Amino acid sequence: MRRLIVPALVLMCASVAFARPATVKWPPWLSIESPVNPFDNDNHGALMLVHAMTREGGAPLAQLSGTAQGLVNGVRRSVSIRFDSTARPGIFAVRRQWPAEGTWLLQITLYNTTAIVVLDRDGSVASVRVPTQVEHGSQIPRAVAQKEIDSTLAAAARR
């Protein structure tokens, strides 16, 4: 009888351990640095630096993606963004890769974290926002809908 109880207890404990809700992992974070230090060769010609961080440190370039979303003469444009590595892990330079005319914002994503960077008429960083929500008592990044990108771009175009 004792032989059956021990395996049953082990199986029961294992199933309870796996049934627990997953703990919330520390989400990745994006920070935008602008203006950049013009005396650092890595920054030469960069509009901004993207600090892509995870709990383990700097995120790999492969996990970072971005798109410039614009309105040029009333026509919607989208341009993929290339990130250039710097000497510092997790920090990437962004140089202008989209036309000078029109209104532009940058949508930069690391895993499930998105930074929305609005550019002014001169092409400089005007504002940065990482949309968040409260979950388990903490602010964590939330999903960004295309509708939110569209409305942010439309508001920037009206300015």
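The model is predicted. The chain holds two helices and twelve strands, and in sequence order these follow the pattern α-β-β-β-β-β-β-β-β-β-β-β-β-α. Of its 159 residues, 37% count as buried. Among contacts with a sequence separation of 6 or more, 56% link residues 24 or more positions apart.

**The five-stranded sheet**

- Five strands form an open sheet in the order E5-E4-E8-E9-E10, and their pairing is antiparallel.
- The edges of this sheet are strand E5 (75-80) and strand E10 (125-129); each has a single partner strand, so one side of each lacks a neighbour in the sheet.
- From one strand to the next, the twist averages 20°.
- Helix H2 (residues 146-158) packs on the sheet and touches strand E4 (64-72) as well as E5, E8, E9 and E10.
- The direction of helix H2 makes about 150° with that of E8.

**Strands E8 and E9**

- Six bridges connect strand E8 (residues 103-110) with strand E9 (residues 113-119), and the two pair in the antiparallel sense.
- Within this pairing, leucine 106 has valine 117 of E9 as its bridge partner.
- Glutamine 107 also belongs to strand E8, and it counts as buried because its relative accessibility is 17%, which falls under the 20% limit.
- Leaving out residues up to four places away in sequence, glutamine 107 touches Ser65, Gly66, Thr67, Gln69, Thr114, Ala115 and Ile149.
- In a regular strand, side chains alternate between the two faces of the sheet.
- Tyrosine 111 lies in the loop between E8 and E9 and has a positive phi of about 55°, although it is not a glycine.
- With a relative accessible area of 46%, tyrosine 111 is partly exposed.

- Strand E11 (residues 132-135) and strand E12 (residues 138-141) run antiparallel and are joined by four bridges.
- Glutamate 135 stands opposite serine 138 of E12.
- Two residues lie between the strands of this hairpin, in which histidine 136 takes a positive phi near 55°.

- Most peptide bonds are trans, and most residues other than glycine have a negative phi.
- The peptide bond from serine 34 to proline 35 is cis, with omega near 0°.
- Proline 35 is placed in the loop between strand E1 (29-33) and strand E2 (48-54), and serine 34 is found in the loop between E1 and E2.
- Serine 34 is partly exposed, at a relative accessible area of 35%.
- Leu47, Met48 and Val125 are in contact with serine 34, its neighbours within four places in sequence being left aside.
- Serine 34 and serine 124 are 90 residues apart along the chain, and 8.3 Å separates their C-alpha atoms.
- Asparagine 73 occupies the loop between E4 and E5, where its phi is near 55°, a positive value in a residue other than glycine.
- Asparagine 73 has 77% relative accessibility and therefore counts as exposed, the limit being over 50%.
- Proline 89 lies in the loop between strand E6 (84-85) and strand E7 (91-94), and it is exposed, with a relative accessible area of 65%.
- Between proline 89 and glycine 58, which are 31 residues apart in sequence, the C-alpha to C-alpha distance is 5.2 Å.

- By residue class, the lining of the largest cavity divides into four nonpolar, two polar and four charged residues.

Definitions and conventions:
Residues are numbered from 1 along each chain as its sequence is written. This is a predicted model: local features need pLDDT of at least 70, side-chain atom pairs count only at pLDDT 80 or more; totals for chains, interfaces and linings use all residues. Side-chain values use heavy atoms; hydrogens and water are left out. Ala, Val, Leu, Ile, Met, Phe, Trp, Tyr, Cys and Pro count as nonpolar, Asp, Glu, Lys and Arg as charged, and the others, Gly among them, as polar. Two strands pair if DSSP finds at least two bridges between them. Axes are lines fitted to C-alpha atoms, for helices over the stretch in contact, and angles run from 0 to 180 degrees between N-to-C directions. Contact means heavy atoms within 4.5 Å. Buried means under 20% relative accessible area, exposed over 50%, partly exposed in between (1.4 Å probe, protein chains only).
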